[in-house]
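I opened my notebook to look up a few contacts, one after another, and to write down each answer as I found it.

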Amino acid sequence: MPHGAHASGAAPALETTVDGLMDDLCADLERLAAIPSIAFPGFSPEPVLQARDLVVELLRGAGVTDIGELNLPYTAPVVTATVPPPTPDAPTVLLYAHYDVQPAADEHLWDSPPFEPTRIEGGIRARGIADDKVNLMVHLGALRAWRGRPPVGIKIVFEGQEEYGSAFDGYPPTDPTAFACDAMIIADTGNIRPGTPTLTTALRGSVDVFVDVRTLDSAVHSGQYGGAAPDALLVLVKALATLHDLHGDVAVEGLRREPWHGTALAEDDFRALAGVPDGTPLLGSGGLGERLWSGPALTVVGLDAPSADRGAAAVVPHARAKLNLRVHPRQDPQEAQDALVRHLRRLRPFGIPLTVTPGDTGPGYEAGTDGPAYRAARTALRRAWGAEPVDAAAGGSVPLVNGLATAVPQAEILLFGAADSLCRMHAPNERMLRSEFRGALLAEALFFAEYAAAHRPGGAA
């Protein structure tokens with residue numbers, strides 16, 4: 001694609017180019033997905049480094065020559081690279097993805113070995129192929145489509161320890177110059193449903209709180225002492241029951257909830273994704289977007305108490321729970337944590353106080369969507385998919401997004417990619433679709449042209 005190509009004329013040529021690249025890109029994706037790059041404690045670090053080496057090789061093959069590496073304590077390498085802008089007035093775009101993956105969990109639940117990429121109807125199945133290796137290949141494919149010289153400057157940030165978490169989450173504000181850019185594409189998301197081009201414009205924040213109850217020196221016989229001896233598990237259950245109302249909505253004062261005005265999942269789709277059987281009601285009231293994205297969600301994610309199979313006929317002396325609270329993208333997570341802690345500390349179930357300990361917090365994120373990068377992205381997505389793009393949100397948190405936003409506050413942050421809501425990320429039989437890969441790749445390649453045109457004198461996306 002010549003550097004002087006105008007945005008309006010780039011689509012047909014880029015579409016032909018992308019179609020010609022797809023077979024090789026899928027083959028390289030299979031090479032990458034075959035590497036069990038699990039950056040968790042207890043797993044060998046060698047596959048992570050092997051994936052790092054392949055990523056560097058693929059970058060060189062895409063025409064990138066200025067490749068570096070960021071090494072932080074106890075963190076897998078972060079691959080960095082730059083492509084200079086072709087002209088002084090061209091903008092710079094930072095491209096983010098990660099090359100590490102989740103563990104495969106129970107391999108018996110997979111239809112094929114998780115690290116043996118397997119062709120399926122319309123796509124490929126493997127652990128980590130959707131989260132996030134296909135998105136990394138979207139970036140590489142977009143560079144290939146422009147023969148390594150896109151009409152924008154490029155900064156590459158390919159992380160190697162996103163799934164477990166690392167010191168890199170908080171690193172960008174300590175070195176903002178390294179991440180300076182005009183726009184970022186965080187390719188760790190995808191479409192709300194296959195074939196629907198989607199921009200993720202909000203992420204909920206996350207809060208952990210621990211609740212501890214100790215009522216006796218030790219367990220005592222439930223026949224001799226039950227009925228008067230305070231049962232720690234009953235105290236804890238009574239406390240936890242106050243966290244939701246009769247509809248299943250969170251009943252903690254001070255947590256922000258607003259209607260969601262973007263696109264949301266249909267209830268049938270959500271039931272299928274979450275594995276909710278027909279006839280089992282969903283929790284809460286209001287739209288699904290409000291319950292999943294623009295309102296709080298409070299989950300008991302851990303409980304320390306005797307197991308049902310091994311529980312003795314005894315009054316329980318000690319019980320403990322871990323709570324995870326997801327909060328509105330614009331709510332301060334510390335404020336939300338304080339509200340939950342306050343609610344629990346006010347309780348005295350059966351007159352017994354709770355020990356409440358704050359845990360980790362992570363902020364949410366809400367993008368400003370009226371800038372030139374968003375206008376260019378909507379045009380590119382529309383042309384690539386032949387459909388109107390929609391806005392969605394994610395209930396999960398991406399801490400690095402906040403670090404990048406703090407480091408480069410003027411940059412527009414775009415979240416889109418080649419995954420989709422049915423891809424089974426973090427679950428058995430994770431898969432990607434070739435059609436989603438092609439659409440995201442073409443959209444990113446077109447975005448480079450649209451965004452560059454917007455920055456030329458007199459240009460507008």
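Is Glu30 buried or exposed? I noted first that the model is a predicted one, and then I looked up Glu30, which has a relative accessible area of 19% and is therefore buried, since buried means under 20%.

Next I followed the side chain of Glu30 and found that it meets that of Arg119 in a salt bridge, at 2.2 Å from N to O. This pair links distant parts of the chain, with Glu30 in helix α1 and Arg119 in strand β4 (residues 118-120), 89 residues apart. Arg119 is exposed, with a relative accessible area of 55%.

I then looked at another salt bridge, in which the side chains of Arg438 and Glu15 meet at 2.8 Å, N to O. Here Arg438 lies in helix α11 (residues 434-455) and Glu15 in helix α1 (residues 7-33), and the two are 423 residues apart. I wrote down Glu15 as partly exposed, at a relative accessible area of 34%. For the structure I recorded 24 salt bridges.

My next entry concerns helix α2 (residues 46-61) and helix α3 (residues 129-145), which pack at an angle of about 20° with their axes 9 Å apart, so I noted them as roughly parallel to each other. The contact brings Val55, Leu58 and Leu59 of α2 to residues of α3, including Leu136 and Met137.

Last, I searched the whole structure for disulfides and found zero. For Cys26, the nearest cysteine sulfur is that of Cys423, 15 Å away, and Cys26 counts as buried at 3% relative accessibility.

Methods. Residues are numbered from 1 along each chain as its sequence is written. This is a predicted model: local features need pLDDT of at least 70, side-chain atom pairs count only at pLDDT 80 or more; totals for chains, interfaces and linings use all residues. Side-chain values use heavy atoms; hydrogens and water are left out. Axes are lines fitted to C-alpha atoms, for helices over the stretch in contact, and angles run from 0 to 180 degrees between N-to-C directions. Helices (H or I, at least four residues) and strands (E, at least two) are DSSP runs, numbered from the N terminus. Angles under 35 degrees count as roughly parallel, over 145 as roughly antiparallel, 65 to 115 as roughly perpendicular and the rest as oblique. Contact means heavy atoms within 4.5 Å. A disulfide is a pair of cysteine sulfur atoms within 2.5 Å. Buried means under 20% relative accessible area, exposed over 50%, partly exposed in between (1.4 Å probe, protein chains only). A salt bridge is a side-chain nitrogen of Lys or Arg within 4 Å of a carboxyl oxygen of Asp or Glu.
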